[in-house]
Amino acid sequence: MLRIAVLVSGGGTNLQALLDAKARGEIPHGEFVRVIASRPDAYALTRAANAGIEGVVVSRKSFASQQAYDDALLDALRACRAQLVVLAGFLSILGPAVIAAYRDRILNIHPALIPSFCGKGYYGLRVHEAALARGVKVTGATVHLVNEIPDGGPILLQKAVEVQPGDTPETLQRRVMEQAEWVLLPRAVEQQCALWEDRLQNPEFKLQIV
């Protein structure tokens, strides 16, 4: 099984979806070994503790530079020997050092159908506010690999969700989570774990963290 670290910033609903999927046997090729939070008050840490998973805090405010922050994140990831990284509502920016170390092994969930309502500044309720302001009839969620461009990495999975008359950003956010995010993220994690585990069966393939 691949060793998975989940990065979080808030309540951890997507983390909970992953933990529930694992408990149901839907992620047989991966195990969650650490939850890394960008805030000490993130409720996701409580969810991790309840599941018996170690949680640590690496706050961007504690570091003077992006490089120092990246180094701290990498230290936390190496300490738990993470092989796959999942951003589950993680609001801090990953620098190039982290992305390079885990090239093609960092997944992110975005609450819109990329390329719509994505990129710098589009996160949380802001995404759903923008969708309603534009008047779209369909939105959804996307799981993609992370590269140096915000929300610009290769798309892995998408799922559409209808916008209903009278929707508020809050009601739309909830429906997108329930109908798309909580479905897609566990599925994408399992697919990537199975993919990398298959690659590791090749004795000539070496999975390295730089």
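Reply: Happy to! A nonpolar core here is a set of buried Ala, Val, Leu, Ile, Met, Phe, Trp, Tyr and Cys residues joined through side-chain atoms within 4.5 Å. Buried means under 20% relative accessible area, exposed over 50%, and partly exposed in between, with a 1.4 Å probe and protein chains only. The model is predicted, so local features need pLDDT of at least 70 and side-chain atom pairs count only at pLDDT 80 or more, while totals for chains, interfaces and linings use all residues. Residues are numbered from 1 along each chain as its sequence is written, and side-chain values use heavy atoms, with hydrogens and water left out.

The largest nonpolar core has 37 residues, and Val6 and Val189 have the most contacts inside it. Helix H6 (residues 169-200) is its main contributor, giving 9 residues; helices (H or I, at least four residues) and strands (E, at least two) are DSSP runs, numbered from the N terminus. Leaving aside residues up to four places away in sequence, Val189 touches Ile4, Leu18, Ile27, Leu84, Val86 and Leu107, where contact means heavy atoms within 4.5 Å. Apart from this core lies another, of 24 residues, with Val58, Phe90, Ile99 and Ala101 among them.

Leu18, one of the partners of Val189, belongs to helix H1 (residues 13-23), where Asn14, Leu15, Ala17, Leu18, Leu19 and Ala21 are buried. The buried residues of H1 pack against strand E1 (2-8), strand E2 (30-37), helix H2 (44-50), E4, E5 and H6. Just after H1, Gly25 takes a positive phi of about 85 degrees.

H6 also packs with helix H5 (residues 125-134), at an angle of about 110 degrees and with the axes 9 Å apart. Those axes are lines fitted to C-alpha atoms over the stretch in contact, and angles run from 0 to 180 degrees between N-to-C directions. The two helices are therefore roughly perpendicular, a term covering 65 to 115 degrees. From H5 come Leu125, His128, Glu129 and Leu132, and from H6 Pro169, Glu170, Leu172, Gln173 and Val176. By class, 5 of the contact residues are nonpolar, 2 polar and 2 charged; Ala, Val, Leu, Ile, Met, Phe, Trp, Tyr, Cys and Pro count as nonpolar, Asp, Glu, Lys and Arg as charged, and the others, Gly among them, as polar.

Strand E7 (residues 155-162) holds Lys159, which is partly exposed at a relative accessible area of 31%. Not counting residues up to four places away in sequence, Lys159 touches Leu113, Thr139, Gly140, Ala141, Gln179, Ala180 and Leu184. Leu184 is 25 residues from Lys159 in sequence, yet their C-alpha atoms are 7.4 Å apart.

Some loops deserve a look at the backbone too. Most residues other than glycine have a negative phi, and most peptide bonds are trans. Arg81, in the loop between helix H3 (66-79) and strand E4 (84-87), has a positive phi of about 55 degrees and is exposed, at 54% relative accessibility. Asp104 sits in the loop between helix H4 (96-101) and E5; its phi is near 65 degrees, and at 39% relative accessibility Asp104 is partly exposed. Finally, the peptide bond from Ile114 to Pro115 is cis, with omega near 20 degrees, and Pro115 lies in the loop between strand E5 (106-110) and H5.

Terms used
Parallel < 35°, antiparallel > 145°, perpendicular 65-115°, else oblique.
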